Number of protein chains: 4
Amino acid sequence: MLEQLKEEVFQANLELPKHGLVKFTWGNASAVDRENGLFVIKPSGLDYEAMKASDMVVVDLDGNVVEGDLNPSSDMLTHAVLYKHFPQIGGVVHTHSTWATIWAQAGLDVPAMGTTHADTFYGSVPCARTLTQEEIDRGYEAETGHVIVETFKERKLDALEIPGVLLHGHGPFTWGEDVKTAVTNSVVLDEISKLNLFTRELNHFAQELPQRILDKHYLRKHGENAYYGQN
Amino acid sequence: MLEQLKEEVFQANLELPKHGLVKFTWGNASAVDRENGLFVIKPSGLDYEAMKASDMVVVDLDGNVVEGDLNPSSDMLTHAVLYKHFPQIGGVVHTHSTWATIWAQAGLDVPAMGTTHADTFYGSVPCARTLTQEEIDRGYEAETGHVIVETFKERKLDALEIPGVLLHGHGPFTWGEDVKTAVTNSVVLDEISKLNLFTRELNHFAQELPQRILDKHYLRKHGENAYYGQN
Amino acid sequence: MLEQLKEEVFQANLELPKHGLVKFTWGNASAVDRENGLFVIKPSGLDYEAMKASDMVVVDLDGNVVEGDLNPSSDMLTHAVLYKHFPQIGGVVHTHSTWATIWAQAGLDVPAMGTTHADTFYGSVPCARTLTQEEIDRGYEAETGHVIVETFKERKLDALEIPGVLLHGHGPFTWGEDVKTAVTNSVVLDEISKLNLFTRELNHFAQELPQRILDKHYLRKHGENAYYGQN
Amino acid sequence: MLEQLKEEVFQANLELPKHGLVKFTWGNASAVDRENGLFVIKPSGLDYEAMKASDMVVVDLDGNVVEGDLNPSSDMLTHAVLYKHFPQIGGVVHTHSTWATIWAQAGLDVPAMGTTHADTFYGSVPCARTLTQEEIDRGYEAETGHVIVETFKERKLDALEIPGVLLHGHGPFTWGEDVKTAVTNSVVLDEISKLNLFTRELNHFAQELPQRILDKHYLRKHGENAYYGQN
């Protein structure tokens with residue numbers, strides 16, 4: 001079942017090491033089929049070289065395995081919670097990519113300091129808090145998803161306008177309308193994390209992008225008046 | 001029409017990801033045919049893997065598409081303004097290359113701190129100001145070109161002696177007598193941006209290159225008494 | 001003799017430059033056969049391109065060469081001491097990998113600042129002291145091993161829970177249940193060294209990971225209640 | 001003439017971009033034939049892809065071209081002066097490699113902070129002063145060589161014990177008993193420049209390597225009691 005989605009998810013997972021975002025098995029990508037309420041995710045801890053499209057695991061939005069002989073990614077329940085609470089998204093990616101992980105370890109939001117950021121993220125990328133002991137005991141991976149959802153709700157953020165988050169002390173999650181876009185957003189998030197870190201090193205007083213430039217760049221690529229690309 | 005120039009522009013665009021200056025479609029290169037008053041530029045948002053020489057778009061210096069089925073790069077009007085006001089230049093390149101973008105985000109000129117810089121840029125590479133709301137409303141891309149031209153006029157800079165600029169909060173534009181040189185200048189600008197950032201990290205009191213060394217290195221490669229290379 | 005172990009050690013040594021941990025011949029990997037009390041190690045100073053599995057040298061735990069025409073790695077006696085005093089380990093790797101070496105040169109323990117660290121190292125990676133003149137005279141390489149063992153004993157560390165160490169002014173040693181795991185642990189140690197350095201640059205007040213998150217991540221991958229991977 | 005030396009020099013020049021030390025034509029390697037008092041050097045400004053072994057230029061120690069249709073590297077006279085004044089050396093390499101150039105731009109000696117350094121350089125790598133206007137007028141490239149020689153004489157350094165130098169505001173020169181070793185020394189100098197820069201970033205109080213460790217590491221690889229490798 002869902003053979004095409006499995007192929008997409010398989011390819012998306014392979015893209016992660018190609019873009020230098022993932023070493024060994026430190027990443028996972030998934031995509032959802034909204035009609036059937038199912039998503040497809042990478043199996044846990046499998047070498048990227050040995051992995052086949054048919055190894056992808058099919059899971060429902062409560063995290064029950066529907067098809068597949070292998071254990072799904074240990075982060076599967078985080079993906080499930082994101083699909084449940086962000087109905088606009090079609091794909092999710094988790095990595096420990098170097099520069100985004102550095103901001104996550106620093107416990108800081110990534111501010112919008114340039115148009116590379118503004119072309120994809122319409123404002124700061126938030127850093128979500130660490131889990132309490134109680135939340136860890138209740139279920140680490142599902143609660144991680146709930147803390148992300150809580151962060152977006154409290155800050156009144158739109159999940160498609162800010163298609164990513166940092167987990168304090170851990171690393172980034174990104175998403176998008178499909179899994180290919182989620183991968184692209186992981187690449188962008190890592191690059192802007194690098195740009196902004198060294199911008200601050202170079203000039204401690206560097207400012208965030210003026211709102212008018214943030215608007216211009218985000219809106220020339222997204223929304224009804226977008227004029228970037230061939231559409 | 002302009003088949004050879006299309007091929008040159010196509011190859012120049014492919015060089016950008018090869019040199020690590022561009023991810024995805026975040027860059028554009030163009031070249032001008034001065035006799036016909038036309039230039040050739042990359043189409044907007046097209047994957048580099050899928051792109052062919054015949055996809056290049058032909059535009060006049062007012063930005064009217066003369067030939068091509070695809071939309072030109074969204075930054076096309078910036079290129080047009082540069083060709084109009086800098087009659088010595090033959091090619092233009094725009095990227096979000098990491099280290100040059102960091103200086104752009106920091107809002108700082110790149111000072112001439114070494115001979116790697118002096119071999120190509122005869123002084124600081126200026127950082128041009130952000131656009132006002134009024135300029136954005138009038139036309140973001142054309143006005144970006146005008147701000148570059150304004151910067152060179154106010155600072156009395158020669159576009160061939162300083163073949164590049166940073167846009168505050170955005171990234172670099174470079175140019176040259178042809179598009180191949182414009183690509184080379186983008187590589188140089190990114191490398192000197194990296195060198196200078198870490199020079200300042202290592203020694204906060206590091207000085208700019210003495211004028212006599214700047215002169216010596218620039219002039220042994222450029223101008224009538226140059227003696228570098230095989231000419 | 002030990003043909004399979006030679007092949008494993010040979011492959012492990014080739015992995016080091018592939019992962020960017022080693023330039024030229026600046027690294028060495030070994031694996032032990034506990035039943036026979038012998039270990040297999042890379043020869044000294046041989047080009048990785050020219051090296052064959054049959055060039056691997058077989059040594060006993062006192063450092064006597066048992067088989068092989070070539071000199072073993074000059075660090076061989078350090079490996080021997082580690083195998084003698086850490087009976088749980090099956091493989092050892094030494095490199096001068098960039099980021100771990102930077103922490104070694106700085107003379108600092110690598111603190112557990114993120115889950116990338118906690119997935120492999122259950123706490124700080126210690127930096128062992130430099131040798132005294134007397135120790136150097138007694139035998140630099142064997143005494144280096146003894147200083148590592150002393151460090152683990154004084155700090156009451158378990159060699160499998162903290163499968164690596166820094167040598168002050170020198171670089172990292174890692175180990176694991178087998179040589180493949182020792183290589184993986186070298187990759188992890190270098191990456192967390194990079195992550196933590198820039199985390200501190202970005203936020204001088206960044207904290208170590210809370211104990212509850214360290215526990216959760218280490219224990220979901222290691223020990224009897226682990227649930228990561230396919231086992 | 002000197003066909004084998006041409007091949008060695010050609011290969012050494014190709015190694016420079018392979019090791020990431022050189023972009024475009026920003027580097028040059030040469031080797032000397034002491035019996036004939038001639039050296040072989042890369043031609044000036046030629047693309048590495050187009051270059052052949054037969055393009056190498058033969059020059060005498062006063063810098064007169066003895067064989068070859070192409071102009072020699074514009075830095076040829078610096079090489080000539082080094083061969084004349086350092087009779088122990090057989091090969092010379094000049095690059096603008098990133099991390100060594102950063103120390104050159106910072107105008108600082110590279111201190112011996114680790115064993116990666118001590119395995120090749122027996123103490124700090126000196127940074128030579130910039131040339132005066134008078135020296136530039138007298139002949140920039142030859143005088144650059146003289147300033148290097150002056151630096152070694154004033155500091156009482158042995159050119160084989162410290163096989164490299166930084167030129168303030170410019171970049172590194174390295175050398176060795178042959179050109180292959182000179183290339184290796186360029187790789188080492190760039191790597192230790194990177195290691196030491198970030199060591200200082202991480203720990204402003206990091207110390208130089210104790211003399212006893214510097215001695216041990218340098219002397220286990222060099223001199224009559226060396227025991228590294230297969231000799």
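**Exercise 1.** How many residue pairs are in polar contact between chain A and chain B?

*Solution.* The model is predicted, so local features need pLDDT of at least 70, side-chain atom pairs count only at pLDDT 80 or more, and totals for chains, interfaces and linings use all residues. Residues are numbered from 1 along each chain as its sequence is written, chains are lettered from A, and side-chain values use heavy atoms, without hydrogens and water.

Step 1. The count is 17 residue pairs, both at pLDDT 80 or more.

Step 2. A polar contact is a pair of N or O atoms within 3.5 Å; within protein, one must be able to donate a hydrogen and the other to accept it, and residues adjacent in sequence count only if both atoms are side-chain atoms.

Step 3. Between the two chains there are also 3 salt bridges (a side-chain nitrogen of Lys or Arg within 4 Å of a carboxyl oxygen of Asp or Glu). B:Glu141 and A:Arg220 form a salt bridge through their side chains, at 2.6 Å from N to O.

**Exercise 2.** State how many residues of each chain are in contact and how much area is buried.

*Solution.* Step 1. Contact (heavy atoms within 4.5 Å) involves 30 residues of chain A and 34 residues of chain B.

Step 2. The chains bury about 2,900 Å² between them, 57% of it on carbon and sulfur atoms; this is accessible area (1.4 Å probe) lost on being put together, summed over both parts.

**Exercise 3.** Find how chain A is related to chain B.

*Solution.* Step 1. A rotation of 90° with 0.0 Å of shift along its axis superposes chain A on chain B, with RMSD 0.0 Å (least squares on the C-alpha atoms of residues with pLDDT of at least 70 in both).

Step 2. The two copies are therefore related as by a four-fold rotation axis.

Definitions and conventions:
Buried area is the accessible area (1.4 Å probe) that two parts lose on being put together, summed over both.
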